[in-house]
Amino acid sequence: MIFLIAIIPALCWGINPLLVGKINGHSENEMFGMGIGDGLIALIFWLFSQPTVTISGVTFGLAMISGAAWAIGQLGQYISYRLLGVSKTMPISTALQLVGTSLIGVLMFGEWGSSNQKILGLLAIMLIVAGSALSAGTSDGRKKGFSCYLPLLMTTLVIGFIVVFLSWLKLTHYNFFYLRCWEY
């Protein structure tokens, strides 16, 4: 049962781009819907868990900046779905986030302490990049210009920044979750 609950976010994040592509609305409307959904989930989560959330003013401010960065990043993802298509945007975005956060974890936070971990981690990163390149290709041979990829690259960097922020702040998952959901 715990495994099923744990995969719900992955399923929702995987289905979200497909639904957004089907609905064909404006990016601002998609962001509004995402904010409403996050707020409702936070409310339900709070009703069941009743956690005590204690944070400093500085942490609150930094979490708000992180949330604003997430909103900008998510908006760029929605724009990229339109410019590149979901099947091209998702592998590139996912790979960039995984590679970026892994490298930042190693360089800034000292993760992957042993040489075996570093070797395996670098091999895993190479596999991620190769898989992304293979799955983001087109079969019709049409290429998109760099300007179509620019929103995706910039906003993926912004989303990666959020992960660094969370690690740097050392917030509990409760504190960060509630701050992110209620800032809308």
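Reader: How many aromatic pairs does the structure hold?

Author: The structure holds 1 aromatic pair. Its partners are Tyr78 and Tyr81. This is a predicted model; local features need pLDDT of at least 70, side-chain atom pairs count only at pLDDT 80 or more, and totals for chains, interfaces and linings use all residues. Residues are numbered from 1 along each chain as its sequence is written, and side-chain values use heavy atoms, with hydrogens and water left out.

Reader: What makes Tyr78 and Tyr81 a pair, and why is it called edge-to-face?

Author: Rings of Phe, Tyr and Trp (its six-membered ring) pair if their centres lie within 6.5 Å; planes under 30 degrees apart are stacked, over 60 edge-to-face, the rest tilted. Here the centres are 5.8 Å apart and the planes make 65 degrees. Therefore the rings pair, edge-to-face.

Reader: Why are Tyr78 and Tyr81 about one helical turn apart?

Author: Because they are 3 residues apart in helix H3 (residues 57-84). Helices are DSSP runs (H or I, at least four residues), numbered from the N terminus.

Reader: Why is Ser93 called buried?

Author: Buried means under 20% relative accessible area, exposed over 50%, partly exposed in between (1.4 Å probe, protein chains only). Ser93 has 2%, so it counts as buried. Ser93 sits in helix H4 (residues 86-109). Other buried residues of H4 include Ile92 and Ala95.

Reader: Why is Gly145 called partly exposed?

Author: Its relative accessibility is 37%, so Gly145 counts as partly exposed. Gly145 lies in the loop between helix H5 (115-135) and helix H6 (146-169).

Reader: What makes the link between Ser93 and Gln77 a polar contact?

Author: A polar contact is a pair of N or O atoms within 3.5 Å; within protein, one must be able to donate a hydrogen and the other to accept it, and residues adjacent in sequence count only if both atoms are side-chain atoms. The two side chains meet at 2.8 Å. Leaving aside neighbours within four places in sequence, Ser93 is in contact (heavy atoms within 4.5 Å) with Gln77, Leu152 and Thr156.

Reader: Why are H3 and H4 called oblique?

Author: Angles under 35 degrees are roughly parallel, over 145 roughly antiparallel, 65 to 115 roughly perpendicular, the rest oblique. H3 and H4 pack at about 135 degrees, axes 7 Å apart. Axes are lines fitted to C-alpha atoms, for helices over the stretch in contact; angles run from 0 to 180 degrees between N-to-C directions. H3 and H4 are therefore oblique.

Note on methods. Helix = DSSP H or I, 4+ residues; strand = E, 2+ residues; numbered from the N terminus.
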